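Welcome to a guided look at a structure with two chains to explore. Keep the picture open beside you as you read.

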Amino acid sequence: MKLTNLLTSAAVALGLAAGAAWAQDKTKVGFVYVGPVGDGGWTYEHDQGRKAVEAEFGDQVETVYVENVAEGPDAERVMTQMALEGADLIFTTSFGYMDPTINVAKKFPNVKFEHATGYKRADNVSTYSARFYEGRAVQGTIAGHMTESNIVGYIGSYPIPEVIRGINSAYIHAKKVNPDVQFKIVWAFTWFDPAKEADAAKVLIEQGADVILQHTDSTAPQAAAQNAGNVITFGQASDMAEYAPKPRVSSIIDNWAPYYIARTKAVIDGTWESVDTWDGIGAGMVGIGEISDAVPAEVKEAALALKESIANGTYHPFTGPLNKQDGSAWLAEGEVADDGTLAGMNFYVEGIEGDIPQ
Amino acid sequence: MIRLEKRPQPSRAWSLATPLVAVLATMAFGGLLFAALGKPPVEAIRTIFWEPLFGEFAFYYRPQLLVKGAPLVLIAIGLSLGFRAGIWNIGAEGQYIMGAIFGAGAGLAFYPSDSFLIFPFMVIAGAFGGWIWAMIPAVLKTRFGTNEILVSLMLVYVAEQFLASVSLGLLKNPEGFGFPGSRNLQSWDAAHNAELIAGTGMHWGVVSALIAVIFAYVLLNRHMTGYHIRLTGEAPRAARFAGVNPARLVLFCLGTSGALAGLAGMFEVSGPSGQVSIDFNVGYGFTAIIVAFLGRLHPVGILLAGGLMALTYIGGDIAQSNLQLPAAAIQVFQGMLLFFLLAFDLLTNFRIAIGKPEVA
C-alpha cells in the first residue's frame, strides 16, 4: 500500500516535472508597440500579426506585448524585461527602437531580435520593412484620376526617407494620369495624434484639396474628410473599412502576419539567421484594400493593372526618366532606382513644390 | 447629516497621512478596476509594487528605478520652490527639451574631441538652456504682468518644434543615412553620461537629483530666500511688508526650476537616451508636477514620490507584459493616485462632522 502511494506520488511528481519542462519548451515571442493596439493603424496591424502567430502555432508559442512604449530608455527597459522573462524572439516595431534594440541585443546574445524599418543589424538582430511605396503608386494613380480641384493633400508624419519615398511615388503616378495635379504637404510630426491629424486634414481641405493621403496612423483624417463632404481618402496601415465606400476609397494594408509566422517558425526550428527583409505587394507584405464603388470602373481597372504589374515584377514605381526637384537628372529612361538610394531617399522628385523640413 | 467643517488649524497628522491613504485607496480601487478587466487584482497590484523591488529580476529593475526617478525628482524639486510661492511653472517639459538640445549641441560642436572638459561644458550648457527658456515667462511676467502658466506651457510646444528642427537639421547625424536624430552620445566616451558604477543605474543625473534634494531642504529651512518663498506662498501681503521683492522671487524660482529641468534633459540625452531625436521628450516635465504635489512640495517627500512614480511606471510595464493589462489601465491607475491625493487633501483643512451644525 505504502509502495503504491509512493509510486503514485512519484508518477505525479514526474508528470508535473514533465509538464513544467513542456511549459519551458514553449517559444516565447515578445512585441514592443509604439502606439496603442487599438489605434486602427500601424500598431493594430502589428498586433494582428501577433495574433496570427498565436493562431498558427497554438500551444507551441506564448506571445506577450507592451503597448504605448516611448522610444528611448523606456523601450530599452521593456525589451530587457521581456528578454529577462524568457522571450526567445522579440519584435520591436518602431524606427525609434533601433539603438535600444541593438543595445539590448548585445546583452542577450541568445535572444533573437527583429527591428522594423531600421538599418542597424547584428548577429541576433534582423531588420524588416515593407515597400509601402508600391502601394503609394496605386494610390497616386487613383488620386490623379479622381481629383477635380487638381489639388492632392498629403499628411506627412516625419520627413524620413520612408515617408518621402511615399510622397514621391504617389506624386509620380498621380502626375502620369493627370499632368495638372499639384501636391500640398503638411508635416504633422507625429505618427499618431488624432487631434493634430484632423487639423492637418482640415487645413488641406480648406486649401482646396479633394483627395487626402496620410502617412499618419489614426482615422481622424478620414472623419475630417467625411465631414467636409466631397473629399476622398485612403486607409493607412490598416484598411479603415469603416469609412468605406467614401471617403475611404482604398487603402494600404500592412500585412506582417506571414513574416511574423515565418520568423517564429525559424526560431522554433533553430534556423533563424539575421536578415534584412524588404518585401512589397508581390510577397504579400503590402496589401491594397478593396477599391470601393466610389471609384469609376475604368480607374479601378487601371489601378489594379498597375498593382498587378508591380506584384509580378514587370514594373518598378521608380522607373526613369525622373529628375530631382532641383531639375538635376536622377534616373535615365528605363533606369530603375536601386534599393540603397531608395532606403536613404531625402529629396523630392521634380514637380513637387515646397521643401523637406530640415 | 454629514458635512465638512473647517479646521481652525490645518491638521499636521492628515497632511502626513494623506499620501499614504491615497496610495492605499489607489491600490483598492485600482484592484477593482483590474478585476473588472478580468485580471487577477492582487497579482496585478503585487506585480506593480513588489516585482520591481523584490521580484526575481529586481537586480535589473532597482537600478532602473533610479534612472526613471532621477529626472522626475530633479525637475520636481525645482518646480516645488515656485509652487510654494505661488509661481506656476507648467512648462518644465519645454525647459527639459531645451536643456537636452543645448547640452547635446554644446558637446557635438566639439565632436570627436576626447577632452575631459566636454562633459562639464555640456552640463553648464544644459542648465543654461533650461534657464534661458524659463527666463522668457519670468521676464514677461515681471515686465508686463503676463501669466506664467500660459506662457511657460505654450513654450513647451515651441520647444518641441525646435527639437524636431534640430533632429532633422542642425544636430542630425551625418552618418545616419538621412534618418532624423543626432549621433548617439553613448558611443562617444567624452560626452557619455555613463553609469558611475556599472549595473547600479547611478549616473550623474541621479547624483544631481540627490544633491538638489539636500540643497532645496537647506534653502527652505535655513536660508533667507527659502523663508521668503514660504512666506510669499502663505501670506503674500505679509511678505510684501517683510521686504520680499516679488519680481526677484519670480526670476529666482522660474530660473532655478528651468535650470534644473534643463539639467535633467541634458543628463537624459547624454545618458539613458543617448540621442537627440524628434520623440526625445516623454513627459517627465509634466509628470514632475504630479511628483511635486505627491511629495507635498517637500524635498524629502518629492524624493519618495519620485521613487513611487518610477515604481508605477516600471511595475506598470511589467504588468502589461506579464498579465497583458492594457496600457490605458496603468495610466488610469496613475491618475487615481493624484486624484485620491487631492481628494484626501481636503481632510487636512476640513474635518468630517456628523450631526447638525452647532449654533455659534
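Helices here are DSSP runs of H or I with at least four residues, strands are runs of E with at least two, and both are numbered from the N terminus. Within helix 8 of chain B, the buried residues are G205(B), V206(B), S208(B), A209(B), A212(B), V213(B) and A216(B). They sit on the same side of this helix, because they cover an arc of only 155° around its axis. (A residue is buried if 20 or more other C-beta atoms lie within 10 Å of its own, exposed if 12 or fewer, and partly exposed in between, with C-beta atoms placed from the backbone; the arc is that of the directions from the helix axis to the C-beta atoms.) An α-helix has 3.6 residues a turn, so residues three or four places apart point the same way.

On the other side of helix 8 of chain B, I211(B), V218(B), N221(B) and R222(B) are exposed. What do the buried residues of helix 8 of chain B pack against? Their partners are helix 4 (58–84), helix 11 (246–270) and helix 13 (299–323) of chain B. Contact between two residues is counted when their C-beta atoms, placed from the backbone, lie within 7 Å.

## How to read the model

Residues are numbered from 1 along each chain as its sequence is written, while chains are lettered from A and ligands numbered from 1 in the order in which they are written. Since this is a predicted model, local features need pLDDT of at least 70 and side-chain atom pairs count only at pLDDT 80 or more, whereas totals for chains, interfaces and linings use all residues.

Next, find helix 5 (residues 92–108) and helix 6 (residues 118–144) of chain B, whose axes come within 7 Å and cross at roughly 145°. (Axes are lines fitted to C-alpha atoms, for helices over the stretch in contact, and angles run from 0 to 180 degrees between N-to-C directions.) Among the residues making this contact are G99(B) and G103(B) of helix 5 of chain B, and G126(B) and G130(B) of helix 6 of chain B.

S270(B) lies in helix 11 of chain B and counts as buried, with 30 C-beta neighbours inside 10 Å. Its contacts include G103(B), M122(B) and A191(B). S270(B) and A191(B) are 79 residues apart in sequence and 6.5 Å apart in space, C-alpha to C-alpha.

## Where the chains meet

How many residues of chain B are in contact with chain A? There are 29, and they meet 30 residues of chain A. Helix 4, helix 7 (148–168), helix 13 and helix 14 (327–349) of chain B each supply at least two residues of the side that touches chain A. The largest share, six residues, comes from helix 13 of chain B.

## The sheets of chain A

Chain A has eleven helices and 14 strands. Of its 358 residues, 52% count as buried. One open sheet has six strands in the order 2-1-3-4-5-11, with parallel pairing. (Two strands pair if DSSP finds at least two bridges between them.) The edge strands are strand 2 (61–66) and strand 11 (276–279) of chain A, each pairing on one side only.

Another open sheet of six strands in chain A runs in the order 7-6-8-9-10-12, with mixed pairing. Strand 7 (182–187) and strand 12 (286–289) of chain A each have a single partner strand, so one side of each is left without a neighbour in the sheet. The twist averages 20° from one strand to the next.

Most residues other than glycine have a negative phi, and most peptide bonds are trans. Now look at the loop between strand 9 and strand 10 of chain A, where A237(A) is found. A237(A) has a positive phi of about 70° although it is not a glycine. P245(A) is also in this loop, and a cis peptide bond joins A244(A) to P245(A), with omega about -5°. The loop holds P247(A) as well, and the peptide bond from K246(A) to P247(A) is cis, with omega near 10°.
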